Amino acid sequence: MESRLAVMNVRGIVWFAMVCGSLAAAGQAAPAGKSAGNADFKLVLANHIGQVQWKAAGFKITETSAKPDGREIGIRAQDASGRLSFLGFLFQVPEQAPVTSAKCRDASLDEEKADPTFKQSRMFEVARTDRVPVSVVDYSVRGQGGSPAYSVRGFTASGDLCGDLEVYSTEPIRSEDPELLQIFQSFQLDVHYQPGFNDVFFYAQVLYNSQQYAAAGPLFERALTLARDAKGVDTKLWRRMATDQAGTSYGISGDTKKARAIFEAAIANDPDYPTYYYNLACADAQEKNLADARKHLQQAFERKANTLPGESMPDPTTDDSFTPYSNDKDFWSFLEGLRAKQ
């Protein structure tokens, strides 16, 4: 199932605030895939009821992936020793509904079984009276160089959703190992879970980080709507972040009109935040409107004291939106003046 994962290195979820060519890292948000400060991992599709979760102490996310159609999200993580890694996925298979854990298992393992070195050593089911059962399989295949690769893999499925969790190692591992047994006993599918702000924002950010901007924009907009009712978060902070990312996604994907509309609406409701003005200046420059770009940059830097924690105003003289105008002495002198005031 590793082929499902579009590899993307991340450190948590880094969010970006600028539409412009030289995207400036503005801060860091804890990913919804892993709750900060504990061993709980969770995966949710942005537009579908349901959640898979499990506990895996000592593991840290190293890679993420998501499909632009909203039907699949995945994470890879590794333990501190580097001995164990896992791949976790939640994906939708409406064409095969209704699915069961065993049906998800069999379909997912077909590709693995095509390998002549595939060797299954154990299969069992974690039966539950109040939850969807989990089907667990131990197997090995020959990896690169002929060395064996060992996997313990669990599947939980219902309706049109499948959860797939694989723990793998170059050393022999078994589902009876206490550490792995604990992980798969905690693996569960909640078919009633409703996606919230964090879930939608995380999915959108994974798309953004893999440069799938056109797909990310509408999800950031949806997250922006959900932020109004989000509990346990700084609503103003996250509203600004979701707005930045929505406008940025549309801007990078070429829909400058939509990006401009988002930032202009944001300014009407939150006129003190500088990034909105900076992003408008970038859009102005892309449309060769230097008079408005200058006005919006001035408004942005007048509000630089209102940046978010961890965020700083970018240097416009190094921004790809403005560097094409380096021969315009008056405009460039204005940009250099802004830089000097940082």
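**View 1. The charged end of Arg-303 sits over the ring of Tyr-277.** The charged end of Arg-303 is 4.4 Å from the centre of the Tyr-277 ring, where a charge counts as sitting over a ring if NZ of Lys or CZ of Arg is within 6 Å of the ring centre and within 35 degrees of the ring normal. Arg-122 is placed over the ring of Phe-124 in this sense too, with its charged end 4.1 Å from the ring centre. This is a predicted model, in which local features need pLDDT of at least 70 and side-chain atom pairs count only at pLDDT 80 or more, while totals for chains, interfaces and linings use all residues. Residues are numbered from 1 along each chain as its sequence is written, and side-chain values use heavy atoms, with hydrogens and water left out.

**View 2. Strand β6 pairs with β5 and with β7.** Helices (H or I, at least four residues) and strands (E, at least two) are DSSP runs numbered from the N terminus, and two strands pair if DSSP finds at least two bridges between them. Strand β5 (residues 59–66) runs antiparallel to β6 and is joined to it by seven bridges, with Glu-63 having Arg-76 of β6 as its bridge partner. Seven bridges also join β6 to the antiparallel strand β7 (residues 85–92), and here Glu-72 stands opposite Phe-91. Because seven of the eight residues of β6 (residues 72–79) are buried, this strand is largely enclosed by the rest of the structure; buried means under 20% relative accessible area, exposed over 50%, and partly exposed in between (1.4 Å probe, protein chains only).

**View 3. Gly-70 and Gly-82 take positive phi values in two hairpins.** Five residues lie between the strands in the hairpin of β5 and β6, where Gly-70 has a positive phi near 80 degrees. The hairpin of β6 and β7 likewise has five residues between its strands, and Gly-82 in its turn has a positive phi of about 80 degrees.

**View 4. The structure holds 18 aromatic pairs, among them Tyr-278 with Phe-322.** Rings of Phe, Tyr and Trp (its six-membered ring) pair if their centres lie within 6.5 Å, and planes under 30 degrees apart count as stacked, over 60 as edge-to-face and the rest as tilted. The ring centres of Tyr-278 and Phe-322 are 6.1 Å apart and their planes meet at 85 degrees, so this pair is edge-to-face. Tyr-278 belongs to helix α7 (residues 274–286), whereas Phe-322, 44 residues away, lies in the loop between α8 (290–302) and α9 (329–340). Tyr-278 is buried at 0% relative accessibility, and Phe-322 is buried with a relative accessible area of 0%.
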